[in-house]
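Dear colleague,

I am handing over the structure we spoke about, and I would be grateful if you could look through it with the notes below at hand.

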Amino acid sequence: TTTIGITDTTAVTIDSFSKSLYRSFRYTYTFTVTTGTLHYSAGDILLMHDGSNTYITQYGMLQSNPNDELVNIMADISGSNVRLLAQATTGNTVTLKIAESVYSSI
């Protein structure tokens with residue numbers, strides 16, 4: 001399990017992997033707002049790249065407050081790495097816990 005604190009000030013790199021070694025990965029995650037009113041979110045993230053562009057989707061999402069998207073998930077390619085990024089949307093600190101990562105090779 002990986003735990004990362006996320007705020008609304010800047011996007012944080014959650015993970016990165018070599019674009020020449022891996023084509024995609026899948027995460028199982030939980031987000032918890034740890035300041036202010038407690039909210040929770042869980043689900044999966046799937047990320048794929050074609051060497052120049054990234055493609056990302058979140059699915060199987062559960063939220064304790066369905067009107068509150070806790071984190072914006074983004075992806076990009078930086079140099080030779082694909083990066084998964086997150087930025088809190090609530091104005092509060094959010095803790096991300098990653099329970100599982102599955103990579104697929106090229």
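What follows goes through the sheets, then one serine and then the aromatic rings.

Please keep in mind throughout that this is a predicted model. Strands of a sheet pair through backbone hydrogen bonds, either parallel or antiparallel. In this model, five strands form an open sheet in the order 1-8-3-4-5, and the pairing there is antiparallel. The edges of that sheet are taken by strand 1 (2-6) and strand 5, and because each of these has a single partner strand, one side of each is left without a neighbour in the sheet. From one strand to the next, the twist averages 25°.

Going through the pairs of this sheet, strand 1 and strand 8 (residues 94-105) run antiparallel to each other and are joined over five bridges, with glycine 5 having threonine 95 in strand 8 as its bridge partner. Strand 3 (residues 22-33) pairs with strand 4 in the antiparallel sense over nine bridges, and here serine 24 has methionine 48 in strand 4 as its bridge partner. The hairpin of strand 3 and strand 4 has six residues between the strands, and glycine 36 takes a positive phi near 75° in it. Strand 4 also pairs with strand 5 (residues 54-63), again in the antiparallel sense, over eight bridges, and aspartate 44 stands opposite tyrosine 59 in strand 5. In the hairpin of strand 4 and strand 5, which has four residues between the strands, it is glycine 51 that takes a positive phi, near 100°.

There is also an open sheet of three strands, which has the order 2-7-6 and antiparallel pairing. Strand 2 (12-18) and strand 6 (71-78) stand at its edges, each with a single partner strand, and therefore one side of each has no neighbour in the sheet. Neighbouring strands of this sheet are turned by 20° against each other on average, direction ignored. Strand 2 and strand 7 (residues 81-88) pair in the antiparallel sense over six bridges, and the bridge partner of threonine 13 in strand 7 is leucine 85.

Serine 41 is found in strand 4 (residues 40-49) and is buried, with a relative accessible area of 5%. A polar atom of the side chain of serine 41 lies 3.4 Å from the backbone oxygen of leucine 62. Leaving aside residues up to four places away in sequence, serine 41 touches Tyr29, Thr30, Phe31, Leu62, Gln63 and Leu70.

Turning to the rings, the count comes to four aromatic pairs. One of them is formed by phenylalanine 17 and tyrosine 22, and this pair is edge-to-face, at 6.3 Å centre to centre and with 80° between the planes. Phenylalanine 17 is buried, with a relative accessible area of 4%, whereas tyrosine 22, at 30% relative accessibility, counts as partly exposed. The rings of tyrosine 29 and phenylalanine 31 have their centres 4.4 Å apart and their planes at 35°, and so that pair is tilted. Tyrosine 29 and phenylalanine 31 are both buried, and both are among the residues that serine 41 touches. Finally, Phe17, Tyr22, Phe25 and Tyr27 form one aromatic cluster.

Notes: Residues are numbered from 1 along each chain as its sequence is written. This is a predicted model: local features need pLDDT of at least 70, side-chain atom pairs count only at pLDDT 80 or more; totals for chains, interfaces and linings use all residues. Side-chain values use heavy atoms; hydrogens and water are left out. Helices (H or I, at least four residues) and strands (E, at least two) are DSSP runs, numbered from the N terminus. Buried means under 20% relative accessible area, exposed over 50%, partly exposed in between (1.4 Å probe, protein chains only). A polar contact is a pair of N or O atoms within 3.5 Å; within protein, one must be able to donate a hydrogen and the other to accept it, and residues adjacent in sequence count only if both atoms are side-chain atoms. Contact means heavy atoms within 4.5 Å. Rings of Phe, Tyr and Trp (its six-membered ring) pair if their centres lie within 6.5 Å; planes under 30 degrees apart count as stacked, over 60 as edge-to-face and the rest as tilted. Two strands pair if DSSP finds at least two bridges between them. Axes are lines fitted to C-alpha atoms, for helices over the stretch in contact, and angles run from 0 to 180 degrees between N-to-C directions.
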